[in-house]
Amino acid sequence: MPLRLALYQPDIPQNAGTLMRMGACLGIPLDVIGPTGFDMRERALRRAGMDYLATADVTRHGSWERFVAALHASEPAARLVLLSAHAQTPYTSHHFTCHDVVLVGRESAGVPPEVVEAADVSLTIPMRPGHRSLNVAIAAAMVIGEAMRQLGGDARREPEQP
């Protein structure tokens, strides 16, 4: 199972399209957890994803429960890594593996408590005081970039031990 990116009930099609494009370019599969705040055929999604959407590896899940069931059925077991402005652990301190699923919340509301509780680890991007959060697509790209750096640029393999 390669490193994956999951979008929890995204509500801005441009961000979802941007992340699908990133996934296509970097070989990162995406899970889109519904319901979404837009029609997945929406023009803004297609415009942000450009012609890369055809090559994106996207799995849609109708609900959080269906996503969790798929996650638990994976072999080897996946580890759910939540990005949260409320977490204490910086993403740069986390040891990523190719079995991680990086989860970003809804742009307008984050994730509900049951999603926070289901996460194996919660990570944050350290920011200056008084600044709440980054755009979800930028935050996901930063963290996926760090994970890929740790994995030697390959989202499908474990990092080499020093």
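Helices (H or I, at least four residues) and strands (E, at least two) are DSSP runs, numbered from the N terminus. In this predicted model, local features need pLDDT of at least 70 and side-chain atom pairs count only at pLDDT 80 or more, while totals for chains, interfaces and linings use all residues. Residues are numbered from 1 along each chain as its sequence is written, and side-chain values use heavy atoms, with hydrogens and water left out.

**Largest pocket**
- A pocket is an open set of points on a 1 Å grid over the protein atoms alone, with protein on both sides within 12 Å along at least five of seven lines; a cavity is a set where a 1.4 Å probe fits but cannot get out, and lining residues have an atom within 4 Å of a point.
- The largest pocket holds about 660 Å³ of space, a volume being the space filled by probe spheres set on grid points that are joined across faces, edges and corners.
- Its lining has 26 residues, and Ser84, Ala85, Arg106, Gly110 and Ser133 are the closest to the centre.
- At least two lining residues come from each of strand E4 (79–83), strand E7 (121–124) and helix H5 (136–150).
- By class, 14 residues of this lining are nonpolar, nine polar and three charged; Ala, Val, Leu, Ile, Met, Phe, Trp, Tyr, Cys and Pro count as nonpolar, Asp, Glu, Lys and Arg as charged, and the others, Gly among them, as polar.

**Cavity**
- The count comes to one cavity of 30 Å³ or more, and the largest cavity has about 50 Å³ of space.
- Leu7, Tyr8, Pro10, Asn15, Ala16, Leu19, Val104, Gly105, Glu107 and Val136 line the largest cavity.
- H1 gives the most to this lining, with three residues.
- Seven of the lining residues are nonpolar, two polar and one charged.

**Helices H1 and H5**
- Helix H1 (residues 13–26) packs with H5 at an angle of about 20°, and the axes are 9 Å apart; axes are lines fitted to C-alpha atoms over the stretch in contact, and angles run from 0 to 180 degrees between N-to-C directions.
- H1 is therefore roughly parallel to H5, a term for angles under 35 degrees.
- The contact (heavy atoms within 4.5 Å) involves Asn15, Thr18, Leu19, Met22 and Leu26 of H1 and Val136, Ala137, Ala140, Ala141, Ile144 and Met148 of H5.
- Nine of these contact residues are nonpolar, two are polar and none is charged.

**Backbone**
- Gly34 and Pro35 are joined by a cis peptide bond, with omega about 0°.
- Pro35 lies in the loop between strand E2 (30–33) and helix H2 (43–49).
- Gln9, a residue other than glycine, has a positive phi near 40°, and Gln9 sits in the loop between E1 and H1.

Technical notes: Angles under 35 degrees count as roughly parallel, over 145 as roughly antiparallel, 65 to 115 as roughly perpendicular and the rest as oblique.
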